[in-house]
Amino acid sequence: MQLHSRSFQEGERIPGRLAFCVPDAGSHVALSDNLNPHLAWSGAPEGTLSFALLCHDPDVPSRGDDVNQEGREVPAELPRVDFYHWLLLDIPAEQSEIAEGGHSVGVSARGKSGPEAPQGLRHGINDYTGWFAGDTAMAGDYYGYDGPCPPWNDSLEHRYVFTLYALDVAKLPVPGALTPANVLAALSGHVLASASLSGRYTLNPRLL
């Protein structure tokens, strides 16, 4: 199975229009267009009844001591953890493409609604939900796609991995809320094949 995009190529830097934030000379970051990327796929195995799409950043700092702090930089050697940006479920087996901006346009304070998504699909809850939990202006359940916004002082350029799973069920059974942990657990035993596409992004002026 193959996954590709007209929005960016494998290993390339992700365009700012697909990000949650872009660099800003005055305030370090500014909100961006937050468009989901175009994605297309082929070569699904026989027996595929639906697809699931997940996007995660494996390079998020495991501790926030230095994150976005003036005069400091997040060290490259700091252990990193996963941060999920998109969980899209129940993509029909006959579908082979997602349009750029078809599932996300702009940043929604307190998060987009869900889990209902266009064309009868379901959006999961991304990890901005936890990130903004203590922010009175932004706290909420963030369903659907929200793009890159790594720390503006991170010494690492972050990777963003889009993974498409071909499944043997038409509707993925997910007990409980559609969180990354619950969705990943539900995928177990239902994956017939998978394909991934990765891009890069940074807000650190030193790395631009």
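Begin by selecting strand S6 (80-92), which gives the most to the lining of the largest pocket, with four residues. Strands here are DSSP E runs of at least two residues and helices are H or I runs of at least four, both numbered from the N terminus. The model is predicted: local features need pLDDT of at least 70 and side-chain atom pairs count only at pLDDT 80 or more, while totals for chains, interfaces and linings use all residues. Residues are numbered from 1 along each chain as its sequence is written, and side-chain values use heavy atoms, with hydrogens and water left out.

**The largest pocket**

Stay with the pocket, whose volume is about 460 Å³. A pocket is an open set of points on a 1 Å grid over the protein atoms alone, where a 1.4 Å probe fits and protein lies on both sides within 12 Å along at least five of seven lines; lining residues have an atom within 4 Å of a point. Grid points are joined across faces, edges and corners, and the volume is the space filled by probe spheres set on the points. Now select Asn-68, Tyr-128, Trp-131, Cys-149 and Pro-151, the closest to the pocket centre of the 27 lining residues. Then colour strand S3 (28-31), S5, S6, helix H1 (128-131) and S9, the elements that give two or more residues to the lining.

**The five-stranded sheet**

Next, show the open sheet with the order S8-S6-S5-S9-S10 and antiparallel pairing. Two strands pair if DSSP finds at least two bridges between them. Strand S8 (122-123) and strand S10 (191-201) are the edges; each has a single partner strand, so one side of each has no neighbour in the sheet. Strand S9 (residues 158-167) runs antiparallel to S10, joined to S10 by ten bridges. Within this pair, Phe-162 stands opposite Leu-197. Contact means heavy atoms within 4.5 Å.

Is Ser-198 buried or exposed? Ser-198 is buried, at a relative accessible area of 19%. Buried means under 20%, exposed over 50% and partly exposed in between, with a 1.4 Å probe and protein chains only. Leaving out residues up to four places away in sequence, Ser-198 touches Phe-8, Gln-9, Glu-10, Gly-11, Glu-12, Tyr-160 and Val-161.

**The three-stranded sheet**

Move to the open sheet ordered S1-S4-S7, again with antiparallel pairing. Its edges are strand S1 (2-4) and strand S7 (97-98), each with a single partner strand, so one side of each lacks a neighbour in the sheet. Two bridges join strand S4 (residues 39-42) to S7, and Leu-39 stands opposite Ile-98.

Now pick Arg-6, in the loop between S1 and strand S2 (21-24). Arg-6 is exposed, with a relative accessible area of 62%. Its contacts beyond four places in sequence are His-38 and Glu-97.

**Cysteines**

Last, select the cysteines. How many disulfides are there? The count is zero, a disulfide being a pair of cysteine sulfur atoms within 2.5 Å. For Cys-55, the nearest cysteine sulfur is that of Cys-149, 14 Å away. Cys-55 is buried, with a relative accessible area of 2%, and Cys-21 is buried at 5%.

Methods:
Axes fitted to C-alpha atoms, helices over the stretch in contact; angles between N-to-C directions.
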